[in-house]
Amino acid sequence: MSKFAEPMVRLIDSLKKLPGIGAKSAQRLAFHILRSSDEDAEGLAAAVRDVKAKLRLCSNCNNITDVDPCVYCSSATRNQRMVCVVEEPTNIAAIEKTKHFNGVYHVLHGSISPLHGVGPDQLRISNLMRRVDDGQVDEVILATNPTIEGEATATYLSGQLRRAGLKVTRIAMGIPVGSDIEYADEITMLKAMEGRREL
Amino acid sequence: MALKESEAIVLRTYPLREADLLVTLFTRAEGKVRGVARSAKKSKRRFGGALEPLTYVRAYYEDRERQELARLDSCEVLESPLATEVGYPRAVALAHVAELLDELLPDRETNDAAFRLALSVIAGLRGADVWMPVTYFELWMTRLMGYLPDLGECMICGRPLNGSRAFFHALTDGLMCVDDKRLASSEISGDSRVLAAHMFRAPVENFAGTRWPKKQGSDLRKFLIQTLQRHIEKKLVTAGMLEKISA
């Protein structure tokens, strides 16, 4: 016999499927939802439903959006000719936090990962190339992760984009702000030295 | 338990729980070791870029009582593939080396010959040309694992194949002469067999500097991959991706 009533068991089982949520946390969250007001519980259920029902990918940049084209692609104040290529939609938030980038984005939804059988054909590159071919872009900033997979993706894209005669740039790599050079690993230090700039 | 120290090559990492990584290392001292790098996903402070596949590191780890997974304490980078440009063919070739090592080597079994081979091939993969180091690695790994049949005689009749045509089949070990070949066999050229003989006599560095088009030794690579896949009883993901790379 189960410890809890069937609807509770179902809720706990569903919450357990979320990343980072174990059995105990799922149980605690389920009881929190049970004790919350009807309004809050309904709000949560509606939010979950809306996420699945209303969100889709922007046809221009592949960002997750509820309106197509997304807020970045339809913005009149952003530089539509400067495109920053990122691996995942969550990367956009990190770049937006800087408040210094005023261009638009293109989301690949992954990176080249041979060990997982992911090659260039599995990434969302075609609509980026379409934007380039249509003459909508002057510069592409490759902001993929500084990993082997991210580097391979950036190198592959730069080869494709350079053929179109575009300016292609790669985000800098090196020592994080506020850290100590003494603790930097060899490869980070090497990249920092390679990417040094004149003052 | 005391902290162990060994040179190692990082083969793969998998996300584990919220912030940890499960790391497969090919250590010089103990062969393939699996361990947990705590908080490696969230904080790059302790491991930095050391856990990227095919990074040559000095690893510090400890075994835990009654636990299969070691605890990875830290890694010091000795050589990173990120030090030189990672193009698409190179990324696939590096992943291929990592996949073969991961699939072929048993856990906790020292194999210094495979370790030295991997290091020299990874060094050979610094350039743009991937086909020579890949061929060399596949050939030697097949031999070191004990899966390589005699390339000099027909496996059916025992006739020497020197100078005559030879064939192989996905479901059989070894080469066959023209009379004994099975239906749907593929041919392996005499040049490729000579190439294999040369590769057994010289280090990988001796073959560097010469241009290697994809076509060169492609029949030999196909034969080796079929042999390896038959023994491990699974398809190698990266072998298919290598095939798709244009010359």
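Modeller: Please begin with Q216(B).

Colleague: Is Q216(B) buried, partly exposed or exposed?

Modeller: Q216(B) counts as partly exposed because its relative accessibility is 32%; buried means under 20% relative accessible area, exposed over 50%, and partly exposed in between (1.4 Å probe, protein chains only). This is a predicted model, in which local features need pLDDT of at least 70, side-chain atom pairs count only at pLDDT 80 or more, and totals for chains, interfaces and linings use all residues. Residues are numbered from 1 along each chain as its sequence is written, chains are lettered from A and ligands numbered from 1 in the order in which they are written, and side-chain values use heavy atoms, leaving out hydrogens and water.

Colleague: Where does Q216(B) lie?

Modeller: Q216(B) is in the loop between α4 (190-201) and α5 (218-232) of chain B; helices (H or I, at least four residues) and strands (E, at least two) are DSSP runs, numbered from the N terminus.

Colleague: What separates the C-alpha atoms of Q216(B) and M132(B)?

Modeller: A distance of 8.5 Å, with the two residues 84 apart along the chain.

Colleague: Changing topic, where is L55(A)?

Modeller: The loop between α3 (38-54) and β1 (56-57) of chain A holds L55(A).

Colleague: And why does L55(A) count as partly exposed?

Modeller: Because its relative accessibility is 36%.
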